[in-house]
Amino acid sequence: MIEFQCDNCGRKFSVPEDQAGKKGKCPKCKNVVFIPDVQKSDIVPKQNNSGESQNGPRYSTFDLTLLEVPQLDEAQEKRTVESGNAAGPTGKITQSSEQYEDESGTERRFPWLIDIFLYPANRSGLVILGIIITIRWFSIIVIRSLGFSTPSLSPMVVIVIPLLCISIIVRVILYMFFYWYLCECIRDSAEGGIRAPETIGKTPGLGEMLWLLLRSCVCFAVFAAPVLGYYLSTRRINVVFWAFFAYALLFLPMSFLSFVMFDSLSSSLNPVFLVGSIHSTFLPYCAMIMVFLTAGFFIITIVRDIDFTLIRKFIIHFSMMYLLMVTAHLLGWFYNRYRQQLNWNV
């Protein structure tokens, strides 16, 4: 077995000796890896059934299956050469172009303006949306059906009230999970993901989801509370309202992005850090904000003018959750695209 590691993320692999000289992509960071031709002294001996190697002590590595080391096709080979990658003395690929590193995980099949809206349209994204939507609306339909029968059947109240409490608890848990998943979408997009990530096997506990939500609420409160508090207390849209609105619109996206990437409130609430980050990416950051603002205005206009029947509510609910995943992808993609200017060293 040949033992080597990815030059970009450091993940270790062990592959059969006959795979030497082949190329592929690291399943963790999507970086191009080259399985080196090594001397006999660098080959890790196979292990016997007892877990010990036949010629020495056991060596623990991550196994790299053939599916995870696909051969690059001619188009990928051409892009690798054009991006300035060159093989080093050991035969491993060394990156000489930051552009290739960015494009390796963000290669889109369609124009980016169309492809970003396809971000949730894979198995993982649609399964998450389907589970949350189905459970939520199933509970609503059950509660409403039982509620209609309570005037004629008084004992049904004993069943409806506990079911209503359970329904509320389930919905709260579902929304906490969806919020956690949105944060995962941001992190995965920041690493170059172009479709909703697979999270089977790393779903957090209730305490972790609640702690994440409470900490991020602090971030939202610092920047969004002034405009919301002013409007709710005065019901006026004037110069003061627009000043608070501009404050929230300018700082909240960058603050939330830094909170997700660093998993810390210290950076997301640091005004010097936020101002410096916004200044270094001012024009693309403003363009991203305009996209968010346009999408928000579009959603508000639709919701305000629609007659809320049950089916239309279902469609609106699905559309809003879908667009939230697209928004999370845009935020993470912004970091992936301008990480050099931000220089956060996450």
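## Salt bridges, a nonpolar patch and a helix pair

Arg-195 counts as partly exposed because its relative accessibility is 23%, where buried means under 20% relative accessible area, exposed over 50%, and partly exposed in between (1.4 Å probe, protein chains only). The model is predicted, so local features need pLDDT of at least 70 and side-chain atom pairs count only at pLDDT 80 or more, while totals for chains, interfaces and linings use all residues. Residues are numbered from 1 along each chain as its sequence is written, and side-chain values use heavy atoms, with hydrogens and water left out.

**Salt bridges**

Side chains of opposite charge can pair when their charged atoms come close. A salt bridge here is a side-chain nitrogen of Lys or Arg within 4 Å of a carboxyl oxygen of Asp or Glu. The count by this rule is four.

One of them joins Asp-115 to Arg-195, with 3.0 Å between the closest N and O atoms. This pair links distant parts of the chain, 80 residues apart: Asp-115 belongs to helix H3 (residues 112-115), and Arg-195 to the loop between H5 and H6. Helices (H or I, at least four residues) and strands (E, at least two) are DSSP runs, numbered from the N terminus.

Another salt bridge is formed by Glu-198 and Arg-123, whose closest N and O atoms are 4.0 Å apart. Here too distant parts of the chain are linked, since Glu-198 sits in the loop between H5 and H6 and Arg-123 in helix H4, 75 residues apart.

Arg-187 and Glu-184 also meet in a salt bridge, at 2.8 Å from N to O. Both residues lie in helix H5, three residues apart, which is about one turn of the helix.

The residues of these pairs have the following accessibilities.

| Residue | Relative accessible area | Class |
|---|---|---|
| Asp-115 | 0% | buried |
| Arg-195 | 23% | partly exposed |
| Glu-198 | 41% | partly exposed |
| Arg-123 | 66% | exposed |
| Arg-187 | 22% | partly exposed |
| Glu-184 | 13% | buried |

The loop between H5 and H6 also holds Gly-193. Gly-193 counts as buried because its relative accessible area is 17%. Along the chain, Gly-193 and Gly-332 are 139 residues apart, and their C-alpha atoms are separated by 8.9 Å.

**Nonpolar surface patch**

A nonpolar patch on the surface consists of Val-127, Ile-131, Ile-135, Ile-159, Leu-163, Ile-166 and Val-170, which together have about 520 Å² of accessible area. Two or more of its residues come from each of helix H4 (123-149) and helix H5 (157-190). H5 gives the largest share, four residues. Patches are made of residues with over 30% relative accessible area and no salt bridge; like charges are joined within 9 Å, and nonpolar side chains (Val, Leu, Ile, Met, Phe, Trp, Tyr) within 5 Å. The areas come from the Shrake-Rupley method with a 1.4 Å probe, and for residues only the protein chains shown count as cover.

Leu-163 is located in helix H5. Its relative accessibility is 31%, so Leu-163 is partly exposed.

**Helices H6 and H7**

Helix H6 (residues 206-234) and helix H7 (residues 239-262) have axes that come within 7 Å and cross at roughly 170°. H6 is therefore roughly antiparallel to H7. Axes are lines fitted to C-alpha atoms, for helices over the stretch in contact, and angles run from 0 to 180 degrees between N-to-C directions. Angles under 35 degrees count as roughly parallel, over 145 as roughly antiparallel, 65 to 115 as roughly perpendicular, and the rest as oblique.

The crossing of H6 past H7 is left-handed, a label used if the near helix is turned anticlockwise from the far one by less than a right angle, with right-handed for clockwise.
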